[in-house]
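Colleague: Please show me the model, and then we can go through the contact between its chains.

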2 protein chains.
Amino acid sequence: MENFQNVSIVKKANIYFDGNVTSRTIIFADGEKKTLGIMMPGEYEFGTGAKELMEITAGNLDVLLPNNTQWITFTAGQSFEVPANSSFKLVVREVTDYCCSYGE
Amino acid sequence: MENFQNVSIVKKANIYFDGNVTSRTIIFADGEKKTLGIMMPGEYEFGTGAKELMEITAGNLDVLLPNNTQWITFTAGQSFEVPANSSFKLVVREVTDYCCSYGE
C-alpha cells in the first residue's frame, strides 16, 4: 500500500462540480504540493495554472488534451501530463481516483 | 486553513457505495488514524468497529444513531460520536466533507 510520508494535509476538501470532483491537498516537507482526488462519472473541463501530472490510481476516463483532436482512454496505473495555462476535457466513465502533481 | 501536520497518507482512496462515499486514510506519528471523506447526497448505513467521532467540515446530513428513534441534523462545525460495534444511518442532503477519528 503506497503512502506519502511526512506530509501535511489540509482538513477541508476542495469541492468542484457540485461534489462530483473533490480533492485533498497534501504538502511535502520541501513545499511540493499534490492533490489526491475523486471524480464521479461525468463530463468536465479543467484549466491548469502550473503544469499538471495526473496519475490514475483507479477508474476509467477519456481525456482530450489541449491542442488535440483525439480522445485518449486512461485507466489505473496510467498517467498524463497537461501543459501550464491550458485546459483539458475529461469524460469519466468509472469512478476515478487520481493523484495530481504540479510542475514549475 | 486547518492542516494536519507530519502525517502519512495512503495514496489510494477508500471507495464505498459506487464512489458516493469516499475517504482518504491519514496516519499520525503516534499511530493514530483518521479518515477524511466526502459523501454525496444519498442514503447510507455504516457499521463501526472502533468508536467513531465524525466531525462535519462542510455539508448537511441527517443521522440516526444506534438505539435512537430520532434523526438529528448536522451541518458544518458540528460532530457526533458513534459507539463501537454498532451501525448508524445517514441521509446526506448536501455534499458532506467530514473527518472521522477512531477510538479505542
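Modeller: A salt bridge here is a side-chain nitrogen of Lys or Arg within 4 Å of a carboxyl oxygen of Asp or Glu. This is a predicted model: local features need pLDDT of at least 70, side-chain atom pairs count only at pLDDT 80 or more, and totals for chains, interfaces and linings use all residues. Residues are numbered from 1 along each chain as its sequence is written, chains are lettered from A and ligands numbered from 1 in the order in which they are written, and side-chain values use heavy atoms, with hydrogens and water left out.

Colleague: With which residue does K11(A) form a salt bridge?

Modeller: Between chain A and chain B the count is six salt bridges. In the one formed by K11(A), the closest N and O atoms are 3.7 Å apart. The partner of K11(A) is E2(B).

Colleague: How much area do chain A and chain B bury between them?

Modeller: Buried area is the accessible area (1.4 Å probe) that two parts lose on being put together, summed over both. Carbon and sulfur atoms carry 60% of it. For chain A and chain B the area is about 2800 Å².

Colleague: What is the bridge partner of V7(A) in β1(B)?

Modeller: Strands are DSSP runs (E, at least two residues), numbered from the N terminus, and two strands pair if DSSP finds at least two bridges between them. Five bridges join β1(A) to β1(B), residues 3-10, and the two run antiparallel. The partner of V7(A) is V7(B).

Terms used. Helices (H or I, at least four residues) and strands (E, at least two) are DSSP runs, numbered from the N terminus.
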